[in-house]
Amino acid sequence: MFIMTSLFSELVLFLFCIGFFFMVSSESSSGVQALNVHCRESEQKALLMLKDGFHTSLDRFSSWVPEEDCCKWKGVGCNNETGHVIALDLHSPDPLELLQGELRDSLVHLPYLSHLDLSHNDFYQTQIPEFIGSLPNLKYLNLSRANFGGTIPSHLGNLSSLQTLDLSNNQSSLRASSLVWLAGLSSLKVLDLSTVYLGDVVNWLDAVNMLPSLVELRLVSCQLHSLPQSLPSLNFSSLEVLDLSYNGFYHSVIPNWLVEVSHTLSLLNLTTCSLQGSIPRTIVNFTSLVVLDFSFNYLKGSIPHGFGNMTSLAVLDLSVNYLEGSLPATLGLIQELHNFKYSPLRELRLSRNLLNGSLERILPQLSELIVLDVAWNDLDGVITEAHLQDFSRLRVLDLSFNRLILNVSSNWIPDFQLESINLENCEIGPRFPWWLQNQKRISELDMGNASISDIVPDWFWDISPSMKRLDLSNNHLTGKLPNLSSKASLSKLDLSGNEFEGRLPQLPPAIEILLLIENQFSGPISPICDIMNESNALRHGNNMPGNLPDCWIYGQNLVCVDLRLNQLSGQIPESIGHLINLKWLFLSHNSLSGEIPQSLQNCTSLIVLALGNNSLSGSIPTWLGESFQNLRAITLHHNAFEGNIPAQLCQWRYLTYLDFSFNSLSGPLPTCINRFLPMAEKEAENVHEQYSLYTNDELKSRMWRSQGRYNSDKVIDLSHNRLYGEIPGVVTTLIGLELLNLSNNYLKGAIPCDIGTMKSLDYLDLSSNQLSGTIPPGISDLTHLKGLNLSYNNLSGKVPSPNNFSAYAFIGNHNLCGPPLVKKCSANESLQKTECNSDRKSKSQNDGIQKKEHRHGFEEKPSFYISVASGYVTAFCGFWATLFFNKSWRHAYFHFLGNMGDRIYVFGVITKTSLRRKFHGEKAVE
């Protein structure tokens, strides 16, 4: 019995194994069959038609051959069971391998497509095809950086299954006048319309609020103008990412509806949105927030306390605002029950605010930071190595422009390895900081104006092979520079304002900015030419005699040349025209002679041209105005230029600073100076925005700022020349001008009556000319005027009142009277009307007519010219038609002309003969 049972058991086991084997074999066969599913023929043809829309020699489609299964083509994904194409990824990871062409409508023959990525390509500004809205199963659509243009088709609202839509960064060429179509995207989780123009969209937030599943919203730089402060009800309550940065929400505050997503939001970016008001106290309740960026706004008030509640915050950027007060005591800490511990905060950026108080007090609780930037505030305190002993993670440290003292021992070895150090304007000295000796990863080091008076140790020049930027300016450092030619990474070197001596060393091959002004270097300037084949920028100013080196042929990438305050002589070499990327050229305060080289017109990127205080001569070239369309400042003062001021210079639409003083220029003032747009505006925001297109952050913060007055002042100085004629009335349209100096010329006529409209003027000097008439009463309206000089002219009448100027402003005008002059006005002079009062009405009418004609040209006067032409044609045809058809009249008319001609001829001969006889008779008498 036991044996039979055993046999039966073995038989059952045998049958079970056979069954299991067949089952596994069946499943395996089914899997192999699924893996062998081929692409559908119709969909393969659709893909080949799509390929034909692109014209490219790349091997992107090398696998797209009809003989090969399309499911194996590069960028194509298929369903393993059905063979339908479900994914198409044609994005270009390499900017040099962009797909170019058009998007064919064969795409609609891929009805099961759920993933479409055409990003990073070039579709030649064509409009997004409407047929994309006919792909019913599409869940992912990425058309970012694909150079699409025009209006976004509302048909995209038909994609009810869509979960991700990215149309960002299409060169700001895409636009939408409405976002109503978003309501059809009920499944949408990610929406990125960054750089799409939405300036005409009304109620954009209401449209976005129709997306209940939204998790990520990015509307960066969409030119949105309004930021609604409240919503009746918030539908996107699961929002995790909100980026509305770089929009102009003028006069808006941080909205209240953000509180409703405080429990889900992980990233909130409102940088550069022109926001006002204060930071809401409720912001500390955003417990899920990881990144918070409110930088570059106009926020005021203090930083909210209570950061201990923000248990996830890793990045906090509040830089460039108007925040004030002390740093919150809980910054860098989180609270758990009744205890505090270090928060996950890793980046803290609070630069360029009005913060004050002690930094050292909270430093220990910030020891987990990677980035600490509190520059440009009013923080104080003495920081020792004890405050920085646990900062092992720190990589970026910026304490510049505060009232901080760094007092550490000479043998201190920090735990951190910094990559960027900025201690400018902090007190570090007088000894050179030896703790830098173990910092081997520094790429940027700025210790300018740090009160260091010492010799730079030899080891310093070799501390970090990755050093790119080094600034030791405005200290009292001494010694000689070593050979720097091996510093392959060093691109900026600022040693200005020290006491370095000796010859100029061999310089780094990749140097871009070299500032050596105000030192004791001597010898030849030839090392500069040695680096010119690699250099991108150059600044040098010491006691370097000799000619300006003619080695600029290799400087095509040069951005800045500053050779001021030297003893350079000779002519500006023609090779300087090879600096086609040059933006700043400073050659002032030398002994250069000759004319401005014509080759300079190749430097079309120039922003600042400073050639003052030399011995340059010749006329001012007309091509200066035609070639330098982006010029902001030009100084040619204290030279020997002569001739007229060319009218072509009025093409400098962005000019803010013009100084041609102390030359021999003649002729009238150009009447087109009102085209200098920044001078014609009190605030030139657009000009400053345009300026940012031409400069990187480093040059904008250092080079432009270091030129001081060129940046902010709006100046015209044409004094000490030989200019004549009247002051053109258009000068009074320069309402943003801050200094106008036309003194010591030969100008005549009256001071323009509308001078009082130039309310931004700080200084007005019209002295030593030949101006006449009365002083316009409007000059009393110049309330910001700090300096006025009308002396030594031929002005007459009563000095306008009220005025706060000394008599010196009016002396040399013998017919002026009234305070502050000693001469009192007679009754007639007191009651005398000025030219501006008596002629104001007629002048304003004439000016109105002239401005209207000048503004509209021929467009508003066609009837006048038509009437003149018709009258002329009528008279001409009427007269000559009569002569043509009436023979007797025609003969009489020409007979009259013949007789008249004879009479004129005879009269002329007789007169000539009599005069000749008279002349000879008088000569005989003599």
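Me: In strand 20, which residue is the bridge partner of Asn356?

Reply: The model is a predicted one. Strand 18 covers residues 354–358 and strand 20 covers residues 378–383, and the two pair in the parallel sense over 3 bridges. In strand 20, the partner that Asn356 bridges to is Asp378.

Me: Is Leu354 buried, partly exposed or exposed?

Reply: Leu354 lies in strand 18. With Tyr298 and Tyr322, Leu354 forms a nonpolar surface patch of about 310 Å² of accessible area together. Buried means under 20% relative accessible area and exposed means over 50%. Because its relative accessibility is 46%, Leu354 counts as partly exposed.

Me: Is Phe249 buried or exposed?

Reply: Phe249 is placed in the loop between strand 10 (241–243) and strand 11 (267–269). Leaving aside residues up to four places away in sequence, Phe249 touches several others, among them Trp204, Leu224, His225 and Cys273. Its relative accessibility is 0%, so Phe249 counts as buried.

Me: What distance separates the C-alpha atoms of Phe249 and Leu275?

Reply: Leu275 is one of the residues that Phe249 touches. Along the chain the two are 26 residues apart, and their C-alpha atoms are separated by 6.2 Å.

Methods: Residues numbered from 1 in each chain as written. Predicted model: local features only at pLDDT ≥ 70, side-chain atom pairs only at ≥ 80, totals over all residues. Heavy atoms only, no water. Pairing = 2+ DSSP bridges. Helix = DSSP H or I, 4+ residues; strand = E, 2+ residues; numbered from the N terminus. Patch = residues over 30% accessible without salt bridge, like charges linked within 9 Å, V, L, I, M, F, W, Y side chains within 5 Å. Areas by Shrake-Rupley, 256 points an atom, 1.4 Å probe, with all protein chains shown as cover. Salt bridge = Lys/Arg side-chain N within 4 Å of Asp/Glu carboxyl O. Buried < 20%, exposed > 50% of the residue type's maximum accessible area, 1.4 Å probe, protein only. Contact = heavy atoms within 4.5 Å.
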